[in-house]
Amino acid sequence: MGAPARILIVDDEPHVRGMLAATLDRQGYLTIQAASNAEAFDLIDRQHFDLVLTDMVMRDGNGIGLLDRLHIHQPHTPVVMVTAIQDISVAISAMRKGAYDYLLKPFERDQLLSTVRRALDHRQTLQENESYQQNLEQIVQARTELLHQAIVDLERSYDITLEALGDALDLKDSETEGHSKRVTAYTIALARAMGIGSDGIKVIARGAFLHDIGKMAIPDAILRKPGKLTLAEQTQMREHCERGYNILRKIPFLNEAAEIVYAHQEHFDGSGYPRGIRGNAIPIGARIFAIADTLDAITSDRPYRGAKSFDVARLEILRCSGTQFDPAAVEVFLKIPNELWIELRTEITGQAPSFVTLQTHSVPTPAS
């Protein structure tokens with residue numbers, strides 16, 4: 001176990017300080033007391049605290065000054081204001097300035113402990129986010145865990161229905177299986193980095209894996225044509241988005257995934273197809289998938305050219321930010337090092353030859 005959380009209690013009423021300290025001490029926290037703003041300022045300048053509980057109004061000032069001081073010296077330390085009902089407007093004003101929460105006197109023991117736990121959890125989250133943003137090298141070193149989690153989410157999203165649909169598509173296009181698995185893994189990794197929860201990732205994974213399911217309805221002469229398609233053939237090929245949507249929307253648990261399939265060729269600026277929708281009108285899963293799809297397309301062999309590097313793909317995705325791609329998703333993508341994509345591609349392509357083995361295969365993944 002780590003060291004107990006250090007909590008500074010600031011109040012000019014001794015019995016209030018004592019009650020707060022006794023309650024928190026019994027929960028294993030380490031409390032330090034200050035009877036005034038001045039005393040609290042001195043402690044903050046010399047010591048580190050995980051949380052500050054401060055009275056809103058005291059004889060030598062209010063909690064706003066203490067809040068400002070903490071923002072300078074300990075910016076990640078959450079502040080909970082303790083206030084009487086008549087001072088609630090001041091407490092709300094303090095929250096607008098950065099206080100985490102407030103407690104109204106008199107308060108229950110459970111209410112106090114719940115607020116303290118949430119504030120400490122909030123502080124830990126802030127620290128983890130700053131570490132992620134400021135230390136990319138450490139994130140690269142932790143790529144094993146992140147890659148593992150991406151694959152776990154990918155495996156959980158696969159089921160018998162997806163495999164049956166995927167097998168049907170493989171009969172039409174022998175290259176689809178490898179591409180679908182890679183692009184689904186890339187999509188999951190990027191969705192996780194964007195903070196999307198597990199339920200949302202399951203939907204996005206299904207949409208990513210089945211994005212080309214509508215090609216089952218495209219004639220083989222067009223789908224497998226080695227040369228350039230005519231304008232009429234291109235028009236017919238573009239129907240695969242709507243055809244895929246119409247296939248999947250009839251399956252209840254794939255309803256949401258169907259929307260991703262429908263929109264996976266849309267562009268952020270509205271220049272895509274089939275509907276020409278733009279911006280946030282495009283489902284977030286489709287916006288994430290568009291980046292993953294381009295990443296795989298550029299780094300994979302094609303009949304008309306060889307695979308290019310992940311650096312080339314990164315530059316192309318950056319170039320198309322705001323036009324083809326959602327700039328917010330591109331910004332997150334650019335923070336993920338190439339090593340993660342390379343390792344993920346190697347694991348998917350080199351060690352998961354079939355859909356079933358991919359479901360049970362364990363591959364290391366990035367930690368956020």
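**Working through the model**

Q: Where is Pro274?
A: Pro274 is in the loop between helix H14 (255-263) and helix H15 (284-298). Keep in mind that this is a predicted model.

Q: What is the peptide bond from Tyr273 to Pro274 like, cis or trans?
A: That bond is cis, and its omega is near 10°. As background, most peptide bonds are trans.

Q: Changing topic to the sheet. What is the strand order?
A: The order is S2-S1-S3-S6-S7, in an open sheet of five strands with parallel pairing. The edge strands, each pairing on one side only, are strand S2 (30-34) and strand S7 (101-104). From one strand to the next the twist averages 20°.

Q: What holds strands of a sheet together in general?
A: Strands of a sheet pair through backbone hydrogen bonds, and the pairing is either parallel or antiparallel.

Q: OK, S1 and S2. How many bridges are there?
A: S1 and S2 pair over five bridges, in the parallel sense.

Q: Which strands does helix H1 touch?
A: Helix H1 (residues 14-26) packs on the sheet and touches strand S1 (6-10), S2 and strand S3 (51-55). The direction of H1 makes about 170° with that of S2.

Q: And which strands does helix H2 lie across?
A: Helix H2 (residues 37-46) lies across S1 and S2. H2 runs at about 135° to S2.

Q: Now Thr115. Which helix is that in?
A: Thr115 lies in helix H5 (residues 109-134).

Q: Why does Thr115 count as buried?
A: Thr115 has a relative accessibility of 4%. Buried means under 20%, so Thr115 qualifies.

Q: What does Thr115 touch?
A: Not counting residues up to four places away in sequence, Thr115 touches Val80, Tyr100, Asp101 and Leu103.

Q: What lies 2.9 Å from a polar atom of its side chain?
A: The backbone oxygen of Gln111 is at that distance from a polar atom of the Thr115 side chain.

Q: Moving on to Gly214. Where is it?
A: Gly214 is in the loop between helix H10 (198-209) and helix H11 (220-223).

Q: Buried or exposed?
A: Gly214 counts as buried, because its relative accessibility is 0%.

Q: Which residues is Gly214 in contact with?
A: Leaving aside neighbours within four places in sequence, Gly214 is in contact with His240, Arg243, Gly244 and Ile247.

Q: And how many residues apart in sequence are Gly214 and Leu248?
A: They are 34 residues apart in sequence, and 9.1 Å apart in space from C-alpha to C-alpha.

Q: Next, Asp293. Which helix?
A: Asp293 lies in helix H15. Asp293 counts as buried, because its relative accessibility is 17%.

Q: What does Asp293 touch?
A: Asp293 touches His179, Val183 and His211, again not counting residues up to four places away in sequence. A polar contact of 3.1 Å joins the side chains of Asp293 and His179.

Q: How do H15 and H16 cross?
A: The axes of H15 and H16 cross at roughly 140° and come within 9 Å. The two helices are therefore oblique to each other, and the crossing is right-handed. Ile291, Thr294, Leu295 and Ile298 of H15 make the contact with Phe310, Val312, Ala313, Glu316 and Ile317 of H16.

Q: Last pair. At what angle do H16 and H17 pack?
A: Helix H16 (residues 310-319) and helix H17 (residues 327-334) pack at about 155°, with axes 10 Å apart. Angles over 145 degrees count as roughly antiparallel, so H16 and H17 are roughly antiparallel to each other. The crossing of H16 and H17 is left-handed.

Q: Which residues meet there?
A: From H16 there are Arg314, Ile317 and Leu318, which meet Val330, Phe333 and Leu334 in H17. Ile317 is also among the H16 residues in the contact with H15.

Terms used. Residues numbered from 1 in each chain as written. Predicted model: local features only at pLDDT ≥ 70, side-chain atom pairs only at ≥ 80, totals over all residues. Heavy atoms only, no water. Pairing = 2+ DSSP bridges. Helix = DSSP H or I, 4+ residues; strand = E, 2+ residues; numbered from the N terminus. Axes fitted to C-alpha atoms, helices over the stretch in contact; angles between N-to-C directions. Contact = heavy atoms within 4.5 Å. Buried < 20%, exposed > 50% of the residue type's maximum accessible area, 1.4 Å probe, protein only. Polar contact = N/O pair within 3.5 Å; in protein donor to acceptor, adjacent residues only side chain to side chain. Parallel < 35°, antiparallel > 145°, perpendicular 65-115°, else oblique. Left-handed = near helix turned anticlockwise from the far one by under 90°.
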